[in-house]
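Let's take a walk through this structure together. Please have a look at the sequence and the model below before reading on.

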Amino acid sequence: GGGGGGGGGGRPTFLASIWTELTFLFCVAGIYGCYLTYGVAQEQLLKQPHEDGSTFRFTFVLLFVQCAFNGALAAAAWGVGAVLFPSSVASGGPGKPKADGSKALPAGALLSGDSQRLFALTAATYVLAMLCSNEALKYVSYPLQALAKSCKMIPVMLMRVVLLRHRYSLAKYVLVATMTAGVAWFQIAKAAAKAGGGDGQESSLVGMALLFGSLLMDGFTGPMQEKLNARYRPSNVAFMALTNAYAMAYMLAVAAATGELGVGLAYIRDHPRAQTDLLLFSLCSAFGQLFIYYTVRRFDSLVLTTVTTTRKFLTIVVSVVRFGHHLQPSQWAAVAMVFAAIVGDVLLKYKDRLAACARGGAGGGGGDDATRKR
């Protein structure tokens, strides 16, 4: 990753600044475009009935196709990188040393038995999180699912406190409590208005349990990703390729064992709109992940967090406008409550960054260290 500083090759500072701004706008447009389209395609595929009145119910097949697209695109990018930068196949960048100053690991280390066990375990929790969130859409509305999935900070903190004995500031606990209260308020407000019309699926305890399960799996996935990154430092595309390869294998096996594979593929064959929605959903998922990895590598994880926070809010707005969901004013207040807490968390991270800079703890390579946290 040599592209971050600008001006290193004699380029005027002004032009370097313009190039950085254009790169940032490109990343934002890519993330917004991919994930807003992804949300529309996902909701249309899983929630909107087809001409015969049926809906797509084959979650194992959906995730198999999604992970296949993710893995194929990442493997292609990994292969191109191996040709252009042979020394960076297993490391974070061409010739880049590890954070402790030691040399990058050879490619063989990334494919060792121990690393593959970690990838297999990480892929299991990764795909279980997606399985739970997609299954939840059978019981809750898309805005509620999107709102709940915006609260990944909750399980991450929970797992770090329980498993790693990590301590957080009081402000962090207040923010988590605010997010939790906001999601609960959103559900209660809809239940209270149920007699007045609208879809009342949000009251489903099954749907909420699945959303909680998805967040819980996210909480397990984060620490395992950090362990993999610390020990093997795979490049972003290598991480994406290997994780999705295992996830794809899991979903293929389960879909075949349950008999869903044949039935699901037949359904897709007989419903042209399902083909279009599934293709768009999978392509946006794959390219969206690459945009995220490029953003965090070119800038850092804090910049990415800022971008994705606004994107998640817009996902809810687009869903409401595109599919005609009726949200009560109190539900919009609950949404604002959740995102106010998320913005508060981002501001705390910026405050920590400034404090680290003041202590001299944030050098020129801080952004790349943050990359390893994804």
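Helices here are DSSP runs of H or I with at least four residues, and they are numbered from the N terminus. By that rule, Leu-261 belongs to helix H10. Keep in mind that you are looking at a predicted model.

Let's stay with H10, which covers residues 260–270. Which of its residues are buried? They are Glu-260, Leu-261, Gly-264, Tyr-267 and Ile-268. If you look down the axis of H10, these buried residues fall within an arc of 135°, so they line one face of the helix. Turn to the face that points away from this buried side, and you will find Gly-262 and Arg-269, which are exposed.

What do the buried residues of H10 pack against? Their partners are three helices: H2 (59–84), H9 (236–258) and H11 (272–298). Leaving aside residues up to four places away in sequence, Leu-261 touches Val-61, Leu-252, Ala-255 and Ala-256.

Now move to helix H1, residues 13–47, where you will find Leu-25. Is Leu-25 buried or exposed? Its relative accessibility is 53%, and because exposed means over 50%, Leu-25 counts as exposed.

Technical notes: Residues numbered from 1 in each chain as written. Predicted model: local features only at pLDDT ≥ 70, side-chain atom pairs only at ≥ 80, totals over all residues. Heavy atoms only, no water. Buried < 20%, exposed > 50% of the residue type's maximum accessible area, 1.4 Å probe, protein only. Helix = DSSP H or I, 4+ residues; strand = E, 2+ residues; numbered from the N terminus. Arc of directions from axis to C-beta. Contact = heavy atoms within 4.5 Å.
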